[in-house]
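Student: Could you take me through a close look at one part of this model? I'd like a connected picture of its surroundings, please.

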Amino acid sequence: MAGIRVTKVDWQRLRNGAAHHTQEYTCPELVVRRGQSFSLTLELSRDLDCEETLIFTVETGPRASEALHTKAVFQTSELDGGEGWTAAKEAPMENTVTVSLTSPPNAVIGRYLLSIRLSSHRKHSNRRLGEFVLLFNPWCEEDDVFLASEEERQEYVLNDSGIIFRGVEKHIRAQGWNYGQFEEDILNICLSILDRSPGHQDNPATDVSCRHDPIYVTRVISAMVNSNNDRGVVQGQWQGRYGGGTSPLHWRGSVAILQKWFKGRHKPVKYGQCWVFAGVMCTVLRCLGIATRVVSNFNSAHDTDQNLSVDKYVDFFGRTLEDLTEDSMWNFHVWNESWFARQDLGPSYNGWQVLDATPQEESEGVFRCGPASVTAIREGDIHLAHDGPFVFAEVNADYITWLWHEDEGRERVYSDTKKIGRCISTKAVGSDSRVDITGLYKYPEGSRKERQVYSKAVKRLLSVEASGRITQIRRAGGRCLWHDDLLEPATKPSITGKFKVLEPPLLGHDLRLALCLANLTSRAQRVRVNLSGATILYTRKPVAEILHESHTVRLGPKEEKRIPIAISYSKYKEDLTEDKKILLAAMCLVTKGEKLLVEKDITLEDFITIKVLGPAVVGVEVTVEVTVVNPILERVKDCVLMVEGSGLLQGQLSIDVPTLEPQERTSVQFDITPSKSGPRQLQVDLVSPHFPDIKGFVIINVATAK
């Protein structure tokens, strides 16, 4: 019998890409998903004999072995089935054979080498056919990442753009983000992130063998997206100074960040903050096939000592004493949720899992967080892997304010203790709407069930010694407190206070507000009001004081009064950060020693509109019109529009804006040529050296050319 050899391989990219929802990937190799068959056609130098079978070998990673499940050897049969890799011949044609290969639903993901030999060629070496990439499969019921809803798979796996919610609880703003998981080199970069992890560098064969498990993979990615323990992707910076790098607010998506990291030989990209870390991790996990979304938590606690309270120390003007305050409450914090089964915890904890790449606290010696089951957080099961106490505190901690005296004494000040974990938000499936998912994380605030869960979590958290004493928790200033002491309520004062915005707080304009005080009693009262205001970062870290004044107010029985507050633009313009945030505080000192702290977070508003002037069709040029307003009372030049959008233009576009007179409105037009159909996100930022970036986006529905 004459020898036989493979003369050509057809990887059937179109057929396999459509079947596996991978046709958007732009890499040279075939990309398929595990637990699902894919076909390839082999041209042979002659027909196969009836008794001849094809023996395939697949292997991934260094020192691949069957013992580690990183290598498999299997042969064609007429029957599908089996727990491992299988191959089945389809109807042969002259000198060709089409083979259907199927990986197990728990196969290791990554880049594979496929080789072949014939059963009649026992002494011959394998013939290398080429490489392919195997991903997680949310369409496969047996895969741990299976997601039943097709609409959710389209959103959380295939959508290459999204929305990240930022701002403050009372003024939530949407920011577009280009995930770009199908863009050039992104899949290769995502796989290289796994290979750059310390676990892979230390023991590559074992590391690769663990990549069948979404728990393991997501935990590795959570650590590698930040650069704190390794040469990870993004370097964080929260001080408001971004020399030698890019301001976190200047990024419009993940693609430029990932490509810069890869091309820069894995040097961390400067700089990121929480939404950047979350946007990049969403790109990586969607690219690898795990359904992932970005979640924003407003008034998010950073509980450094894990006592389920955020303890803030202030002076008599309500200003934060940073040297004493270890905990913090950020205006918002952004993390990710990924959907998969928790084989380590049991089916009750399957579903959405919290993952956070922002380097806040170490987990098992590494800056990473999660996966923590959202169900476990809601039920107070914070002892379960991973990082439950930290995530629980982010959405449930009590907010406690302490007035610090010069003699190093302190007293509890009445303030809103239940302000943590508000308006937990994510993008809606199939639309740009905001969905409030707070109910997935906790029961209604103040309800009996919510209090039961909180008590359960406290019991899980606090260790009980043999003597029955509760472990002490060390606090700022070197003091040690019992947890029960932390929960002693402050005396409720006999007045109420609230800041009221009298005019919309516009960037570049003076701010006009009022502090509204109300006497709840039938007797007259005198109130000393110490007002302070500061420009802040979104972490609520103060940058510069812009208000410092005191008032004495007499309130008659049941009387309400307003104290007007005016802050001129000239007062805040030099110290306003790119976050465009201001924090106001009023420490109200009432007769009989009562104290009330009132706070107000303000985000300054801006203006940009984007219009598409005509139908958007693949391959056809269309004009976009952007209208902007100079927000300040000064003439500005050197403004540019920065434009980005996957499937709408290649890379980024920079467009000069003419000189703008004070508060002048102008329109700028430019052309784009869409390359992909479907809903596409176009982001446009107005960038100026004179004021913080003004960001906008629009969704463009691109039709297929007829």
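Tutor: Happy to! According to UniProt, where the entry is unreviewed, the annotation covers residues 266-359; such annotations may be inferred rather than shown by experiment, and the positions follow the numbering used here, with feature names shortened. This is a predicted model, where local features need pLDDT of at least 70, side-chain atom pairs count only at pLDDT 80 or more, and totals for chains, interfaces and linings use all residues. Residues are numbered from 1 along each chain as its sequence is written, and side-chain values use heavy atoms, leaving out hydrogens and water.

The annotated span is 16% helix and 43% strand, with its end C-alpha atoms 18 Å apart. Helices (H or I, at least four residues) and strands (E, at least two) are DSSP runs numbered from the N terminus.

Now for the sheet. Six strands form an open, antiparallel sheet in the order β20-β17-β16-β14-β23-β24, where pairing requires at least two DSSP bridges between two strands. Its edges are β20 (369-373) and β24 (434-436), each pairing on one side only.

Two helices complete the view. Helix α8 (residues 274-288) lies across β14 (292-302), β16 (328-340) and β17, at about 5° to β16. Angles run from 0 to 180 degrees between N-to-C directions of lines fitted to C-alpha atoms, for helices over the stretch in contact; contact means heavy atoms within 4.5 Å. Helix α10 (residues 388-396) packs on the sheet too, touching β14, β16, β17, β20 and β23 (422-427), with its direction at about 70° to that of β14.
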